Amino acid sequence: MTDTARTARTGVPERPTLDGLEETWARRWQEEGTYTFDRSKERSDVYAIDTPPPTVSGELHMGHVFSYTHTDVVARFQRMRGRTVFYPMGWDDNGLPTERRVQNVYGVRCDPTLPYDPSWVPPAAGVDEAARRNPTPISRRNFVDLCAKLTAEDEQVFETVWRRVGLSVDWSLTYTTIGRVARATSQRAFLRNLARGEAYQAEAPTLWDVGFATAVAQAELEDRERPGAYHRLRFAGPDGREVLIDTTRPELLPACVALVCHPDDERYADLVGSTARTPLFGVEVPVRAHSLADPAKGTGIAMVCTFGDLTDVTWWRDLGLETRVVIGRDGRLLPEPPAGVPAEPYAALAGQTVNGARRTLVQLLADAGDLVGEPREITHPVKFYERGDRPLEIVSTRQWYLRNGGRDERLRAELLARGAELRWLPEHMRHRYDHWVGGLTGDWLVSRQRFFGVPVPVWYRLDDAGEPDFAHPLTPDESMLPVDPSSDPPPGFDESRRGRPGGFVGDPDVLDTWATSSLTPQIVGGWETDPDLFRRVFPMDLRPQGHDIIRTWLFATVLRSHLEFGALPWRDVELSGWILDPDRKKMSKSKGNVVTPLALLEQHGSDAVRYWAANGRPGMDLAFDTAQLKVGRRLATKLLNASKFALGLGAADALRAPATTPLDTAMLAELSGVVTAATSALDSYDHTAALQATEAFFWRFCDDYIELVKERAYGTGPAADSARAALATALSVQLRLFAPVLPYVTEEVWSWWRYGSVHRATWPTTYEVGRAIQSPGEPELLRLAADALSQVRRAKSERKLSMKAEVPLAEALGPADLLDRLTLVADDVKAAGRIAKLDLLPDRTPELVIACAF
């Protein structure tokens, strides 16, 4: 029993208002532990959510509010269904976005060669552009401390917004992906992957972001259309034959290691197995055949360079070609040519940027007569790191990899089977998972050449010449975790032997941010640190997330759980769509059309914003529309006023009393159907359908039922008692139906007349509603009465009369059986319409007609 069970009634205020509800109830919920997870419950009574940790390197936007509201609706519904909800919040605070933000805010850059300076004080936030262009170098430890400082500040801002939105998380469960628990968990999982042979190190071609100076993984790529140009180069084939090559990257000519054509291309069949010489450099390269060569692209024969793109890597690997690397990690051409490439022509390119080298080489080719025609301008897709602003290069580096099925058909099949076990919401999103897993071409590159992240927990022995032994890494015992090899010595060594022959060196890299985020169920669930908690929450029930990170977060989490436990990390996955601007374009920072939530929350209220969000179904995009916020605000206001009216009639004292009159039982019978529809929809994660069913009934309840019954409810006797009883049951049920979407206004109204919190109350059932009906109700009676009253009001409106005007005589025409049923509610229709006399004229018209005489 939580403290909310003891919360006293507050009584109906004289002037109810939505203003200030967020501050009042957010504080009360925290003070009273309304959403505290009860860890004494067994797994069958727990509903566990693997909440997405948002990246705290910027501002929350309406897309966040959209998707996190969906999750909160699920949490609130499950809590009211009697489950104890494990609903944590996390902050994803490591990785490149955080580093970039720190660099921009403080005008600094990390230089790991510098010693730690404990007296260094960061500049005041808000440095100018000059400081950003010429950043101050600081040590790795100083830089990491600064990252931690800024993310802690950002996290407080994020938490404030989330509390305002009304997320029913248990804030005592909050974690960060750079925190001690997360670092230990991430390192433990990596070490176990290493011990089982799932993690390995290799020197290989690597996708490299020059701006961030780090390797990136296949899952982090995106294609962007960029202008380019085809250059036609003249190679010299055997017997003086001219071989023309089209390329968009002429600057890679000194890295050329082969020419490739399709095996079935008759134009070049006689060349396969021979050699050709590169223009300008005169390097002899083999001509080979490969199925990936496209006869329709360019001249049909391509040069293979190490490395221009991922196809080059495939050709290089499949054909066992030489390696001639010319581009360094800084994005410039290396100062020395690769082996076998003459130094004289290369000297003009050494040290230049890629674009500069391209211009120089094109001019040299033109001067030598080896550039055929003019470059042909094109627009083509270029690979970028999803957060980067410069095209990726491919350089040869030593990196850590995690097996993911890209080169293991057995593991690929197992991961596809895991995807089939998942319950996908919506189901068609499973195709994206299958497509990603089926299309993997390599293992997951998990090391990054950055600083603010989880360190790779290994060291290397140095031989007598000071060279590291990469084949036999030194690893810590799990009891030592977390460790930082850049400052902690390995077991059996002391710090004095760091970097010395016969000593050791720490791995300088950190793990990919997804290598930690893929372990969120383990991090927050207490894997290996709190076995009792872990058995109660893992595997979890729900993973809510965006559909755009199926290939990263969802797949990576499935992979890590499969490798460690041989099981899925959760049962259901609910995907959210994107928020679109009024022109139906995706909102993004790069387009400048992002809307941040705080001002909207303050202007319209959190319930209104949540109402807008709940109108978007899982997996579906939703256009941002302030008109929907106004509708939500109007709904919340009406809920306040209608509740005050019903309680003012004495409904609070009539709860659990029976409803006996036909109109009252009709209304409750219809409400019973709404309970069924809303419950079924929420069980299927269709919060939109649940809201629509509840809202539609609520407006009929206000516009029709209350208007029809209020005259009777003001009176005394059994009929009045029935009205008040029906109002009480209907209000109690509707508050709970609305509670997952509109938590603030429903909690406010609940506090006027009920004890405890509406969010700890039981979810309404058809049994509960049926128990309040003394005799079977007919929902059609309410619609019939509402139709009759509507016609009376229309007649008054057409005559420009007040709705309070008396109607001396009204005649009801229609089929006899319809009028017989109308008699059951005739007294309420007469009272609401102020009809002195109502005559029934059967079988005069095929449908109900109310004719009024004034």
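Is Phe-493 buried or exposed? Phe-493 is buried, with a relative accessible area of 13%, which falls under the 20% limit for that class. The views below show close-ups of a predicted model.

**View 1. Helix H5 and the residue that follows.** Helix H5 covers residues 140-165, 26 residues in total. At 1.5 Å a residue, the helix should span 38 Å, and the C-alpha atoms at its ends are 37 Å apart, which agrees. Just after H5, Gly-166 adopts a positive phi of about 95°.

**View 2. The aromatic pair of Phe-493 and Phe-504.** The structure contains 28 aromatic pairs. One of them joins Phe-493 and Phe-504 edge-to-face, at 5.5 Å centre to centre and with 65° between the planes. This pair links distant parts of the chain, 11 residues apart: Phe-493 lies in the loop between strand S20 (459-461) and strand S21 (504-506), and Phe-504 lies in strand S21. Phe-504 is buried, with a relative accessible area of 0%.

**View 3. The aromatic pair of Phe-698 and Trp-699.** The rings of Phe-698 and Trp-699 are paired edge-to-face, with 5.6 Å between centres and 65° between the planes. Phe-698 is buried at 2% relative accessible area, and Trp-699 counts as buried at 16%.

**View 4. A cluster of rings.** Trp-527, Phe-534, Phe-538 and Phe-565 are linked into a cluster by ring pairs.

**View 5. Arginine charges over tryptophan rings.** Arg-543 has its charged end over the ring of Trp-553, 3.1 Å from the ring centre. The charged end of Arg-754 sits over the ring of Trp-753, at 5.4 Å from its centre.

Note on methods:
Residues are numbered from 1 along each chain as its sequence is written. This is a predicted model: local features need pLDDT of at least 70, side-chain atom pairs count only at pLDDT 80 or more; totals for chains, interfaces and linings use all residues. Side-chain values use heavy atoms; hydrogens and water are left out. Helices (H or I, at least four residues) and strands (E, at least two) are DSSP runs, numbered from the N terminus. The expected span of a helix is 1.5 Å times one less than its number of residues. Rings of Phe, Tyr and Trp (its six-membered ring) pair if their centres lie within 6.5 Å; planes under 30 degrees apart count as stacked, over 60 as edge-to-face and the rest as tilted. Buried means under 20% relative accessible area, exposed over 50%, partly exposed in between (1.4 Å probe, protein chains only). A charge sits over a ring if NZ of Lys or CZ of Arg is within 6 Å of the ring centre and within 35 degrees of the ring normal.
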